[in-house]
Protein chains: 2
Amino acid sequence: MVNYPSGMATNKQNNKEEKTNKKVKLPSSFSRANRGMNLEEDINISNEYYKDKKLCLITKRPTPINVVKVDYSKGALITNAYFEKQSTTDYNGVYKGKYIDFEAKSTKNKASFPLANITTHQIEHLKNVLFHGGIAFFIIEFVEHQETYLLDAKFVIEYFEHGSRKSIPYEEIKKIGHLIKRSYLPRLDYLPIVEEIYFK
Amino acid sequence: MVNYPSGMATNKQNNKEEKTNKKVKLPSSFSRANRGMNLEEDINISNEYYKDKKLCLITKRPTPINVVKVDYSKGALITNAYFEKQSTTDYNGVYKGKYIDFEAKSTKNKASFPLANITTHQIEHLKNVLFHGGIAFFIIEFVEHQETYLLDAKFVIEYFEHGSRKSIPYEEIKKIGHLIKRSYLPRLDYLPIVEEIYFK
């Protein structure tokens, strides 16, 4: 279970309530973070579905938080802490015995996926996963196109390390990536693509 | 990287300093938690070693924290939060393409390992890992014996679900588990045991 901070509710209504009742000041990038969270939510719900149906077991790593101060007089209440950047990826797990590892990213950009969204640590991590024989990919959502692609990590690593641009063109992703089917359940059905490209 | 709360330093000296200078009230279970953290630290350092030597890639899931309040006026400072119980396990990763998943526990008990240390969620998680063909085990430290064992998850699940006692006798673990060699580097060399029992 992922626990969102109260000021970062996952739908606009809650968000508005927060603003009105509690006067929580939201960062300017909120709407984008919010969109990103929808992708996260879609994946989490799909993973729950896969788990229930015994299809695979993929879990989200909790958001790393750096705890600065704990009040033990109040039963280990954390009173000072901050969010940290994930040095690995968001998701990993097991499918047919094999190790699966991926990162999910969302962009509002229409023409390309900006590589600034990915950290060097994450690229290093995915290279290690591949070295050890694991399966590694990205799930990239183009919010404006209402399309989400599964993209093999090798391709993204290549672009990150040797590409001349600081982004991957949308047209390129459309060509090389695999469009993930959206439905009611699972919301983002990425597992058949994993089966298709890594197990056949 | 795991970030320990400042009041939970990993060695006794720091602990004492905390007590003297900052007057942080420590919970009564502190010394036990402290010992548990040494095991965690030993495993983290061993995993770093394995990663550097390109032997395997095992990472620790960050401690899940339930964030209640965030002060956005101070750059997303978390001002109210609490630690949550891990619903999965602490460690997972990849070795020779295969998915590895384990939980590490430490006990001061001499005669047995109390199963109260394990949650039903963790047992469910490990059963799922096994169902999907992953490798699942426990690393159990007997602090007073200065011994640490790798114990296949099936054995622990069996005890948890069908055992008549609420603990696994030390003698039983000594017989069925695999004693992990301690050294300078890696501190807890559990990988050769994984190789021996799951890959041969």
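Modeller: Contact here means that heavy atoms lie within 4.5 Å. The model is a predicted one. By that criterion, 53 residues of chain A are in contact with 53 residues of chain B. The size of an interface is often given as the accessible area lost when the parts come together. For chain A and chain B, this buried area is about 4,200 Å², with 61% of it on carbon and sulfur atoms. On the side of chain A, the residues that lose the most area to chain B are A:Y72, A:I78 and A:H132, which together account for 18% of what that side buries.

Two or more residues on the side of chain A that touches chain B come from each of β1 (57–60), β2 (65–71), β3 (77–83), β4 (91–95), β5 (98–107) and α3 (120–131) of chain A. The largest share, seven residues, is given by β3(A). Sorted by class, this side of chain A holds 27 nonpolar, 18 polar and eight charged residues.

The strand β3(A) also pairs with a strand of the partner chain: β3(A) and β3 (residues 77–83) of chain B run in the antiparallel sense over four bridges. Within this pairing, A:L77 stands opposite B:Y82 in β3(B).

Five of the five residues of β4(B) are buried, so the strand is largely enclosed by the rest of the structure. Both of its faces are covered, with B:Y91, B:G93 and B:Y95 buried on one side and B:N92 and B:V94 buried on the other. Strand β1 (residues 57–60) of chain B is joined to β4(B) by four bridges in an antiparallel arrangement, and B:I58 has B:G93 as its bridge partner. Five bridges join β4(B) to strand β5 (residues 98–107) of chain B, again antiparallel; here B:N92 is partnered by B:D101. β4(B) and β5(B) form a hairpin with two residues between them, and B:K96 in the turn has a positive phi of about 50 degrees.

Technical notes:
Residues numbered from 1 in each chain as written. Chains lettered and ligands numbered in written order. Predicted model: local features only at pLDDT ≥ 70, side-chain atom pairs only at ≥ 80, totals over all residues. Heavy atoms only, no water. Buried area = accessible area lost by both parts, 1.4 Å probe. Nonpolar A, V, L, I, M, F, W, Y, C, P; charged D, E, K, R; others polar. Pairing = 2+ DSSP bridges. Buried < 20%, exposed > 50% of the residue type's maximum accessible area, 1.4 Å probe, protein only.
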